Amino acid sequence: MEALMTKRALKRQLREGAFDAGQFEDDGKIRRLPTADRAWSPLAHHNDDRDQGRDQGYVKTIKAKSPGQQELIDAIDAKNLVMALGPAGTGKTYLAIAKAVEALEAGKVGRIVLSRPAVEAGESIGYLPGDAEDKLAPYLRPLYDALSDRLSMKRVRALMAEGAIEIAPVGFMRGRTLNNAFVVIDEAQNCTYGQLKMLLTRLGWHSTMVVTGDPNQSDLLPELSGLGPVADKFDALANIAVVRLKDVDIVRHPLVAEMLGVL
C-alpha cells in the first residue's frame, strides 16, 4: 500500500511540477548536463565515452608513414624552426602537434602554443552566435581534434586550465615572446607576409616552432599569401628546415591523392 501511495505521489508531483531539485544532487548524469546553449568548447563536458571518468590509452611514439613524413619528424627533432609545406592529408598538422605533445610530456618544453588564422572562407565570423570565444571556436576546432587524438579531452582540458596548452587565433599573438614553448602555426597559407613575419619573430629561448600550410590551398588572394615567399627565402638558411611534402606522402583515403591530382 505504501509503495502504491509513493507511485501516486510521484505522478502527482510530476503532473504539478513539484519536484525538489535536491533529489538529484547525487545524480552524476544530471550534474553533467550543460546548463547553457553555448558553442563547442574544449573546456565544456563532452558526451564522448572517453570522458566519462576514464582516460583513453594512446600510442606514445609516432611513426612516419612515408619518407616525407620521416623527413619532417627528423627536421623537428633537429631544428628550432621548421616550415612544413604540402597538400592536404600529408599529416603536417598531426605530426607537428604530436611532436609538441611528446615534447611537453617529456618535459622538454613548459607549454604548447597552437595558432591558426581565423580566415573567412565564404562565411562571416560576425554573424556566428555568441561572444568572441564562441565565434572563434569553429575555426580552432581542427587543432583540438588533433590534440584529442594524442591526449584524452579530459587531459586536454586539464592542461588548458593550468596554461600548459594554449590555442589562439593569429591576431592574438602580436607583441608576445614565446619562451620554453612548442609553437605550431597551422594553415599558414592564410597568413599574409606581414603576419608570418610577426609570428616567426615570436620565437623565444628554448622553443621550437613548426609552421604548416599548403601554398596551393589559400583562402586569400594568391598575391596576399606569404607562406610561399617566406619558405623560398628560408631555403638559403642552414638553421631553418623547409620540408616540402608531396602527393605520395598523403595518408588519407587514396582518393584524396587522386582528387588533388586533377583539381
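Trainee: What makes Asn 180 count as partly exposed in this predicted model?

Mentor: Asn 180 has a relative accessible area of 35%. Buried means under 20% and exposed means over 50%, so Asn 180 is partly exposed. Asn 180 lies in the loop between strand S3 (165-169) and S4, and has a positive phi of about 50 degrees although it is not a glycine.

Trainee: Is His 206 buried or exposed, and how do you know?

Mentor: The relative accessibility of His 206 is 66%. The cut-off for exposed is over 50%, and His 206 therefore counts as exposed. The residue sits in the loop between H7 and S5, where His 206 has a positive phi, near 55 degrees, without being a glycine.

Trainee: Why are H7 and H8 called oblique to each other?

Mentor: Helix H7 (residues 193-200) and helix H8 (residues 227-234) pack at an angle of about 50 degrees, their axes being 8 Å apart. Roughly parallel requires under 35 degrees, and roughly perpendicular requires 65 to 115; H7 and H8 are therefore oblique. Tyr 193, Leu 196 and Leu 200 of H7 make the contact with Leu 227, Pro 229, Val 230, Lys 233 and Phe 234 of H8. By class, seven of these residues are nonpolar, none is polar and one is charged.

Trainee: How do you know that Arg 202 has no salt bridge?

Mentor: A salt bridge needs a side-chain nitrogen of Lys or Arg within 4 Å of a carboxyl oxygen of Asp or Glu. For Arg 202, which is buried, the nearest side chain of opposite charge is Glu 166, 12 Å away. Arg 202 is placed in the loop between H7 and strand S5 (208-213).

Note on methods
Residues numbered from 1 in each chain as written. Predicted model: local features only at pLDDT ≥ 70, side-chain atom pairs only at ≥ 80, totals over all residues. Heavy atoms only, no water. Axes fitted to C-alpha atoms, helices over the stretch in contact; angles between N-to-C directions. Helix = DSSP H or I, 4+ residues; strand = E, 2+ residues; numbered from the N terminus. Parallel < 35°, antiparallel > 145°, perpendicular 65-115°, else oblique. Contact = heavy atoms within 4.5 Å. Nonpolar A, V, L, I, M, F, W, Y, C, P; charged D, E, K, R; others polar. Buried < 20%, exposed > 50% of the residue type's maximum accessible area, 1.4 Å probe, protein only. Lys, Arg positive; Asp, Glu negative; His and termini not counted.
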